Amino acid sequence: MKPKETAEHYILSSSPHAHAKTGVSRIMLDVLIALLPTTAAGVWFFGMRAVFVIATCVATCLLTEALCRMAMRRESTVGDLSAVVTGLLLALNLPSGIPLPMAAIGSVFAIAVAKQVFGGLGMNPFNPALAARAFMLISFTGPMTTWLKPVSRCCGGTCGAAPDAMTTATPLAAMKTMFAADAATGATPHATGAIPSFWDMLIGNMPGCIGEVSAIALAIGAAYLLWRKVITWHIPVAFIATVYVYSLIAGGAPAYAQVLTGGVMIGACFMATDYVTSPTFGKGKLVFGVGCGLLCMLIRQFGSYPEGCSFAILIMNALTPLINRFTQPKAFGAK
Amino acid sequence: MKTVKSPFKFKGGVHPDYNKELARDKAIETMPVPAELVVSMSQHLGAPAKCIVKAGDFVTRGQVVGEKNGFISVLVRAPADGKVKSVEKRRGPAGGMADAVVIDTTAKPEVPETPENPGAGAAKGGPILPPLDWKTASREDLLKRVEEAGICGMGGAGFPTAVKLNPPPGKRCEYLILNGAECEPYLTADFRLMLERAPRIRLGVEIMRKILGMPAVRIAVEANKPEAIAALEKAFEGIEGNVEIVVLPVLYPQGSEKHQIYATVGRVVPEPPALPIDVGCVVENVGTVAAIADAVELGEPLLGRVTTVSGDAVAEPKNIFAPSGTKYSDLIAFCGGTKEPPAKVISGGTMMGFAVSSTDIPTTKTTSGLLLLTRKRVFQYSSQACINCGRCVRACPMNLNCAEISKAVEADDIASAEAMHVMTCIECGACSFGCPAYRTITQLCRRAKNSIRARMAAEKAKAAAAAKTPAK
């Protein structure tokens, strides 16, 4: 609503006449800043190939956003940076070896189908990047589950080579079998080489999606978001704690390994905390976080995929309106 | 008497830029009576006063020009001598029209003092009402004095003070809470009053305690006013009974009645129509308390008040004691005019004040501030879709689901908004203040409340009409 000016040329508007001056674009910028460490780590471990995937996703998302708004004859929302965040998050949730046209198709799906069809930012029921990832996992199952071994240096040599020369399994596939394994062998999983060392898992020197491997980089980003008050602690803490406690009870791979591998860290800190698709109130956020952690572990233990993080969050996205409904706060003074 | 930290913290709240430094060091200046006063009959909450003068009448300072018109109403006195130019509908700060007496103060009355016109005594400089000794005066006399002095709450809402100080049978005031929070940005009128007139506030407290049957007293001041706290501590030294100065954390809307009650004594006022007295509390603004002291001890009715004139467009921000009915343009002229053209003129503070269309609007008993902001300070945005970030619900001191309420009102679903307790919204503006999508949440809540009130009034009228129809 545009305030109108009067004969004396004073602007009229309803109170309040002051604003904190933090807009949507500033929040999105904060998310991008928070994603910088893990983006850098992804590029460090997966080389130039990661840069190409990220560039493809971000550019395609921005272009799709602009075209959709034009087609809908609505004002452009490219400036709110939400499409950049979606593009970057999608890229960080893809294996570095993904063919670029597939990454582009996923990006179009994220913006056009998962977001703009519903009316744009604020109206989408599912996290666009995760919806696109799920779509790609089903459509391009092979490339989406083909993992390149991380490289320690960024070099032109690796990204030009044939991907299948260096493919490997993620630690998750190994960990899935450990749920059922007999723990009496005595050898730790690290010693047998089934999963990377704790240190490698912490810094991200293991196969996985571009942005999910480095737990430490993700934690730095999450700390920044908490400090900037962009997110609250509820969802990440509830999510990670649930995964940890579940793993302790279920046995198998060490509980910290369940937290540090796969999409738990990026999911808990950056995907599940998406405003639009997560509950509004603290209590609801806790329920949401616990639900995500629980579903993620159930899929990891019993599902047909080694990783369940993105499906867990998508299912909880669907439950968000219901959670909101049952976690309404009591008005101050209400009975 | 002791000073304590606020023992309870309410949920929510925001930290707007206070900008109080513009006027906080400016001592209260008494403004000369302007050439024309526009005295509104609707300066308080409740029924407007009934105008009893007509064009051509001479009025003297303190003479009643508007009679109390109902239980929730307050009388209005002429703030200065003069001749009534006209009685006409004039626009108030909130945009509504009300009867107002326009007084030409340059025309001097020649009215003999008669028992029917006791106010004429003022022309000779005597007290308008006979001064009372509060220690010997009866409770009823003191209460009557508050009423005939035309005092209403000066914090903003303007509730008739005599009504507030006379709880209905069965309800007892256990705590008298003095509101000196002044959490609105820019405003320093209450701060200056506490600093400069702390002994008057003490006297007012002693009178009010007597009227209310010796309740405990809590004086609530935000921590950013240490000088005022020191002045109050000095003035209240040696006072008997349970009196505490409660230092509140700096947080908007600390001055909200319900939140102040919670912050000082930990009691929660239930939903409307419950009032603070239902939890044994009476909250009065410090300005009102000083006005009561003046009315009793000096026989001086409420004819004017301290108003902060501030903002980056004002040549010299000031705290001005001006007669109620002074036009904004006269207040601005007394501050040396504007140094830059104002883009927005606000009656009150930036969080809850009214943007006005003209400076021809007069002050009332509740005008705590007048702000003139340049374009640099005016925020104009177009609102976007809610991104469900939750900032509004975290900021809401009433713990409402502001985001969903605003969406419901946008869809004209007032019933849903009502089910989400929109009527308890205090319109503090904390939700809109922090909204990154620049949604006009407060305005939407206000729209829902007005719509619900209109429906309730219509239902009441219908029920009354049905009751009148004789049963066959």
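Two residues count as in contact here if their C-beta atoms, placed from the backbone, lie within 7 Å. Everything below comes from a predicted model.

**View 1. Where chain A meets chain B.** The contact draws 35 residues from chain A and 54 residues from chain B. Look at the chain A side and you'll find 19 nonpolar, 13 polar and 3 charged residues.

**View 2. The two domains of chain A, side by side.** Chain A splits into domain 1, covering 24–144, and domain 2, covering 169–326. Their C-alpha centres sit 21 Å apart. Across the boundary, 34 residues of domain 1 of chain A are in contact with 30 residues of domain 2 of chain A.

**View 3. The face that domain 1 of chain A turns to domain 2 of chain A.** How many residues of domain 1 of chain A are in contact with domain 2 of chain A? The count is 34. Four helices of chain A each give two or more residues to that side: H1 (24–46), H2 (48–71), H3 (82–92) and H5 (128–139). H1(A) supplies the largest share, with 14 residues. Sorted by class, the domain 1 side comes out as 24 nonpolar, 8 polar and 2 charged residues.

**View 4. Helices H12 and H15 of chain A, packed together.** Zoom in on H12 (residues 234–250) and H15 (residues 282–302), both in chain A: the helices pack at an angle of about 35°, and their axes are 7 Å apart. The crossing of H12(A) past H15(A) is right-handed. On the H12(A) side, the residues that meet H15(A) include A:Ile235, A:Phe239, A:Val243 and A:Tyr246. From H15(A), the partners include A:Leu286, A:Phe288, A:Val290 and A:Met297, and there are glycines too, among them A:Gly282, A:Gly289 and A:Gly293. Taken by class, this helix–helix contact has 14 nonpolar, 7 polar and 1 charged residues.

**View 5. Chain B and its fold.** Chain B has 13 helices and 18 strands. Its radius of gyration is 22 Å, close to the 23 Å that the globule rule gives for 472 residues, so chain B is as compact as a globular protein of that length. Along the principal axes, the C-alpha atoms of chain B fill a box of roughly 70 × 70 × 50 Å.

**View 6. Inside chain B.** What percentage of the 472 residues in chain B is buried? The figure is 56%. As for contacts in chain B with a separation of 6 or more, 73% are between residues 24 or more positions apart.

Key:
Residues are numbered from 1 along each chain as its sequence is written. Chains are lettered from A and ligands numbered from 1 in the order in which they are written. This is a predicted model: local features need pLDDT of at least 70, side-chain atom pairs count only at pLDDT 80 or more; totals for chains, interfaces and linings use all residues. Axes are lines fitted to C-alpha atoms, for helices over the stretch in contact, and angles run from 0 to 180 degrees between N-to-C directions. A crossing is left-handed if the near helix is turned anticlockwise from the far one by less than a right angle, and right-handed if clockwise. Ala, Val, Leu, Ile, Met, Phe, Trp, Tyr, Cys and Pro count as nonpolar, Asp, Glu, Lys and Arg as charged, and the others, Gly among them, as polar. Domain bounds come from an automatic or database domain assignment. The radius of gyration is taken over C-alpha atoms; the globule rule is 2.2 Å times the number of residues to the power 0.38. A residue is buried if 20 or more other C-beta atoms lie within 10 Å of its own, exposed if 12 or fewer, and partly exposed in between; C-beta atoms are placed from the backbone.
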